[in-house]
Amino acid sequence: MSEQLKFIVEQLNREPFKKNFNLITFDSLEPMQLLQTLNDALAEIDPKQAIDIREEMPEQTAKRMFTLLGMLKYKPPGGMSEVFRQGLVIGSKPVVHPILHWLLQRIPELKKRAYLARFLVKLEVPAEFLQDDVIAETFHQYEELVGGFKNIHKECEQLKSSGFSTAEIRRDIVAMEEEKDQLIKRVERLKKRVEAVSNHQRMLELARQLRVEKEREESLAHQKQEQKNQLFQAEQRLQRCQIQLRDLQQAAADEKPESLMKRLEEDIKFNSYMVSEKLPRELENTRKVVKYLQKVASEPALGQAELRELEDKIRETNTEINHLIEKKMMRNDPMDDKLSLFRQQAAIIVRKKETKVEELQEAREELAAVERELNMKSSQAQERGGAKLIRGDEFKRYVAKMRGKSSTYKKKRQEIAELKVEYGVLQRTEEILRERHTAGQQQLESLEAQRGISGYSDTQEELERVSAIKSELDEMKGRTLDDMSEMVKKLNSVIAEKKSALSPLIKDLRALRQEHAVKFEQKKAQYDTCAAGLESNRSKLEQEVRMLREETAQEESRYHHINCMREITESQMERAADQSKINQSMDIQVRRTALSEKTDVKQVRENQEPNMRQMKMWKDLETLLECKKQCYLKAQSQAPIGHIIQDVGKDMLVL
């Protein structure tokens with residue numbers, strides 16, 4: 001029990017509860033607080049349970065907790081008895097502690113189960129309501145949606161466990177977007193190159209028609225290949241049927257009617273056994289397996305704890321079966337022994353019969369497969385040139401040749417694998433260089449923005465693109481020198497226009513930057529002077545406040561000292577007056593008493609300074625205790641419900 005409490009307290013002190021309990025405070029919780037803690041644990045599993053139980057009737061709270069625990073398949077130690085129900089209603093520790101221990105052990109699993117239960121727990125509709133067509137159709141749609149949710153959830157779990165990496169997918173998407181941008185730029189360049197060609201629309205139309213015809217040609221070639229494959233398969237089937245017919249004719253010509261009848265009778269017996277005994281038994285077993293799998297699929301997913309419980313039940317059942325078998329063997333009934341012997345022999349014969357039938361069926365299937373393969377190979381050999389079967393030394397040479405080819409194939413495959421690895425390394429290097437290029441481009445843009453020349457790199461790229469267009473145009477054939485010079489002039493004029501358009505902007509940016517820099521320096525100097533003046537004023541004020549506080553403390557102490565001296569003087573004067581009266585009315589003994597009082601007064605005067613110091617210390621102690629009281633009241637007003645205030649030597653729970 002102590003280990004259970006330690007585990008509960010440790011889990012409640014962690015995320016997401018943060019209860020800040022210890023064993024003493026948790027064990028001293030009231031029933032209502034214990035039920036609220038249990039409700040908080042249930043709310044972590046199902047957010048719908050996040051309710052303050054003080055605002056809810058106890059019966060409703062118990063009903064809600066019973067429903068959720070039943071949905072989560074919680075099994076109390078003594079079963080769902082009346083004692084358990086009453087204990088949960090009143091917040092009994094022997095009932096609530098095991099529930100908390102069970103919940104906190106398997107919170108992720110229970111979260112998943114609660115999520116699935118919201119969609120998989122079917123609604124109970126009475127049969128008389130289902131007679132209505134609208135309700136029946138709606139209920140059927142509801143069942144279809146539940147089945148669709150099951151399938152989608154299974155696919156989601158499979159995708160989670162399949163190991164797909166979102167980072168790799170994002171990288172692929174980024175790479176494809178970059179390729180797309182490159183293709184768009186390339187298409188734009190090609191369009192600009194084509195626009196200069198005369199009658200380019202007609203040429204584009206012809207190219208489009210050519211592409212359509214090529215695609216049609218590829219589809220027709222694909223259809224032709226499929227028809228050839230179908231024809232080849234039909235010819236192979238025809239050849240197999242012809243070979244099978246020839247074999248049957250030869251077998252019928254060589255064998256006698258008696259042997260044929262005997263073989264047919266054996267086939268009939270075998271087939272009748274398969275139809276009457278083996279196949280029905282296998283069909284029944286398959287139906288049982290399908291029924292069991294459907295039952296398992298209809299139930300919600302089991303957790304590790306439930307699987308362990310089922311394994312424990314299986315082990316207990318197996319032990320009971322073994323005990324029953326041992327008891328049965330200990331009876332030693334001779335009649336039962338004889339019957340069991342016959343039963344064992346019959347079971348052994350049945351098993352042998354089944355194994356032999358299975359072996360025979362497998363042998364027939366293997367024989368049929370080998371015959372089909374042999375017929376196929378022979379037909380292929382005949383089609384390819386009528387080659388005969390290789391035997392003897394030729395087969396050995398063929399095997400040696402194939403071994404050499406196999407070794408060559410392995411070497412080539414290893415080289416291909418190395419090339420693939422190298423290709424992967426190069427591809428990764430390309431990605432890294434591309435990322436570095438992107439980072440450098442971003443850094444370049446930020447530097448341009450800082451220097452006030454944003455867009456300079458784009459302008460440079462535009463100029464490079466224009467120069468590239470110029471070089472491409474220069475390489476075109478059929479252009480005369482005049483056209484090339486005109487194009488160069490045009491490009492130079494475009495470049496000059498771009499430069500002339502950018503130069504005033506750059507000048508304006510520089511002027512604005514200088515102007516703002518001057519303003520910034522002025523404002524910064526004003527801020528520094530203002531901050532220095534305020535800082536000096538603040539230090540002076542702090543020093544004055546400190547001096548005034550010291551003077552106030554000195555004056556207070558002086559005041560208290562004078563007040564105490566006044567009270568002492570008054571008391572001394574009263575005593576002196578009383579003493580004078582006593583001296584007038586009393587005798588020598590009284591005078592002696594007065595003398596002793598004088599000695600007391602003398603002692604009081606001598607102990608005046610220590611008493612004053614002690615009185616000052618008591619005053620300081622009273623001030624300190626008053627400050628602690630105010631701090632304690634402030635912490636108590638700010639502490640949440642259920643917060644534990646730890647002091648030296650004791651723990652206090654503030655509700």
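Helices here are DSSP runs of H or I with at least four residues, strands are E runs of at least two, and both are numbered from the N terminus. Before going on: this is a predicted model, where local features need pLDDT of at least 70 and side-chain atom pairs count only at pLDDT 80 or more, while totals for chains, interfaces and linings use all residues. Residues are numbered from 1 along each chain as its sequence is written, and side-chain values use heavy atoms, with hydrogens and water left out.

**Helix H5**

Now select residues 82-90, helix H5, and colour Phe84, Gly87 and Leu88, its buried residues (buried is under 20% relative accessible area, exposed over 50%, partly exposed in between, with a 1.4 Å probe and protein chains only). Look down the axis of H5: the buried residues fall within an arc of 100°, so they line one face (the arc is taken over directions from the helix axis to the C-beta atoms). On the face turned away from that buried side, find the exposed Glu82 and Ile90. Next show helix H3 (31-45), helix H4 (58-71) and helix H6 (93-105), which are among what covers the buried residues of H5 (contact means heavy atoms within 4.5 Å).

**The largest pocket**

Jump to Asp181, Gln182, Lys185, His437 and Glu461, the closest to the centre of the largest pocket among its 15 lining residues. A pocket is an open set of points on a 1 Å grid over the protein atoms alone, where a 1.4 Å probe fits, with protein on both sides within 12 Å along at least five of seven lines; lining residues have an atom within 4 Å of a point. The space in this pocket is about 700 Å³, counted as that filled by probe spheres set on points joined across faces, edges and corners. Helix H9 (166-195), helix H14 (393-451) and helix H15 (456-475) each give two or more lining residues, with H9 giving the largest share, seven.

**The second largest pocket**

Select Gln244, Leu248, Leu367, Ala368 and Glu371, which lie nearest the centre of the second largest pocket, lined by 16 residues. About 530 Å³ of space lies here. Helix H10 (200-254), helix H11 (257-298) and helix H13 (334-383) each supply at least two of the lining residues.

**Last stop**

Finish with residues 531-558: 100% helix, 0% strand, with the end C-alpha atoms 40 Å apart.
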